[in-house]
Each structure stands twice: as structure tokens, then as C-alpha cells.
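Q: I'd like to learn how to read the features of a protein model. Could you take me through one?

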Amino acid sequence: MNLSRLLMAGVMGLALAPLAQASSTADSEEKAQLRKLFCESKGGADITALGELKKSDDVGAVVVCKLPPSPTTVVENQAALRLAALPLTPVTATLSPPSGVYKLAPGASSVNTSCSANLAIAKWAGFPSSSNGNATLNCRGYNGGAAGSSLACKIEWTGPTQVAIGVTPYGGQVAVNFSCLAMFNGSIGTVMDFSYADPTYPRIRYGSVQATSSMTITQ
């Protein structure tokens, strides 16, 4: 498969048809309402405007949703169960770069996708019931495959994120939803970097770079 023939670029915005089709003259209140409705449909809340958004020239509208924690299962205070020193980072994360097989609808030129991070923070003595930190998601796609460097889709968002502590399998999730223009059928590599830090509790922090996956676009 000729990976160089696949381009992810152009329309990068909400995985919501009404916003993707909204004119450039739509006011900010209308866009904010669409973002709110989209995140609420996922059971979460729109936090796009609470953070700092960076995007490439080909990126349009973007929505960032804070989704609720998993069904609550509280774990015991781990500090009381261990004699060893506290780890520097009692945080684990499951990263989900854009991935999967996408079939273009007749007449459509873009596919809807997302990248997300599920966070779990261990319960330790002295920690509160929730962590109010800052998360950074950096999601991108390369149309040249593993050997290429042509970056076509890129979105980065940094903003406040709340995570319930001591809840498994995860205490919170942040997701960036967007659509990418697909010029040709084929496969494209995707990459995601993610970090999280709590300014009040320095031990609560996490960082991971270059979590990789791929998207396949078909007719």
C-alpha cells in the first residue's frame, strides 16, 4: 500500500456534523453550545475553553471533553499496606491515539476520530479524594508512515483536569474529538503524547510520549 498517497489534513474539528458544517461566520456562542451538546451526549462536559489550544494551520474547530470516571470501585489506602517509600508517580494511564478502520460514507471526504487518556491515581495517606491537575494531550498523524515525517494532523490541548483518587479501573478521562480529511484510501500512522501533573501534590504526575497506533480508511 502506498502510504504517501494518504493525507490527513484539512478539516480537523468536532466529531459532530453540525459543527463541521457550520459557516465561518457562526458566532462563538453557537459553537460553544454545540461543543456542550456533544460532550453531554458522551456523558461528560466541554472543557475546551478552560485550557490552551495549539493546532496546525489545517486544523479547524476542536472539542475537548472531560468524561466521568469509571464505575466507582474505591481501593484501600495503599500507603498503609506498604513499608517501602512512596513512589514518585502513583499514576497510571491508558492512552488511545486515533485508531481503527474507518469507512467513508458515499460522498463524504472526512472521518471522525479522537484521542483520549484514562487516568488512575492510587490512594495514599494525605491525598484528597480527587486530584485537580493539568493535562496535556498532543495527537498527530503522519501521512508518510513510520519512515516519513510529513505531519498533516496535529492538535495539542493543555488544561485543568480532575481525577478521582483511589478509583479503579480509572478515575477520569479526557478526550479530544476531531475529524480529518481523507484524500485517498489507505493506512496512516498516528502518535499521541500525554502528561498530567498536580501542582498541589508533586508526587502526582505522569508522562508518556509516542504512544503509536494507526488508522485505515476505506470506501
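Predicted model: local features only at pLDDT ≥ 70, side-chain atom pairs only at ≥ 80, totals over all residues.

Q: How many helices and strands does the protein chain have?
A: Helices (H or I, at least four residues) and strands (E, at least two) are DSSP runs, numbered from the N terminus. In this protein chain you get two helices and 12 strands, in the order β-α-α-β-β-β-β-β-β-β-β-β-β-β.

Q: What share of the residues counts as buried?
A: Buried means under 20% relative accessible area, exposed means over 50%, and partly exposed is in between (1.4 Å probe, protein chains only). Of the 219 residues in the protein chain, 40% are buried.

Q: Which residues of α2 are buried?
A: The general idea is that an α-helix has 3.6 residues a turn, so residues three or four places apart point the same way. In α2, the buried ones are Leu34, Arg35, Phe38 and Cys39. Viewed down the axis of α2, they fall within an arc of 130° (taken from the directions from the helix axis to the C-beta atoms), so they line one face of the helix. On the face turned away from that buried side sit the exposed residues Glu29 and Ser41.

Q: How many disulfides does the structure hold?
A: A disulfide is a covalent bond between the sulfur atoms of two cysteines; in the model it is called when a pair of cysteine sulfur atoms lies within 2.5 Å. This structure holds two. Cys39 and Cys65 have their sulfur atoms 2.1 Å apart, and with -80° about the S-S bond their link is left-handed. That pair links distant parts of the chain, Cys39 in helix α2 and Cys65 in strand β4, 26 residues apart. Cys39 is buried at 0% relative accessible area, and Cys65 is buried at 1%.

Q: What about Cys115 and Cys139?
A: Their sulfur atoms are 1.8 Å apart. The torsion about their S-S bond is about 85°, so this disulfide is right-handed. Cys115 lies in strand β7 and Cys139 in strand β8, so the pair ties together parts 24 residues apart in sequence.

Q: How many aromatic pairs are there?
A: Rings of Phe, Tyr and Trp (its six-membered ring) pair if their centres lie within 6.5 Å; planes under 30 degrees apart count as stacked, over 60 as edge-to-face and the rest as tilted. That rule gives two pairs. For Phe127 and Tyr201 the centres are 5.6 Å apart and the planes at 70°, so this one is edge-to-face. Phe127 is buried at 15% relative accessibility, while Tyr201 is partly exposed at 25%. Phe194 and Tyr206 make a tilted pair, 6.3 Å centre to centre with 45° between the planes.

Q: Where is the cis peptide bond?
A: Most residues other than glycine have a negative phi, and most peptide bonds are trans. In this model the bond from Thr168 to Pro169 is cis, with omega near 0°. Pro169 is in the loop between β9 and β10. Gln210, not a glycine, has a positive phi of about 60°.

How values were computed: Residues numbered from 1 in each chain as written. Heavy atoms only, no water.
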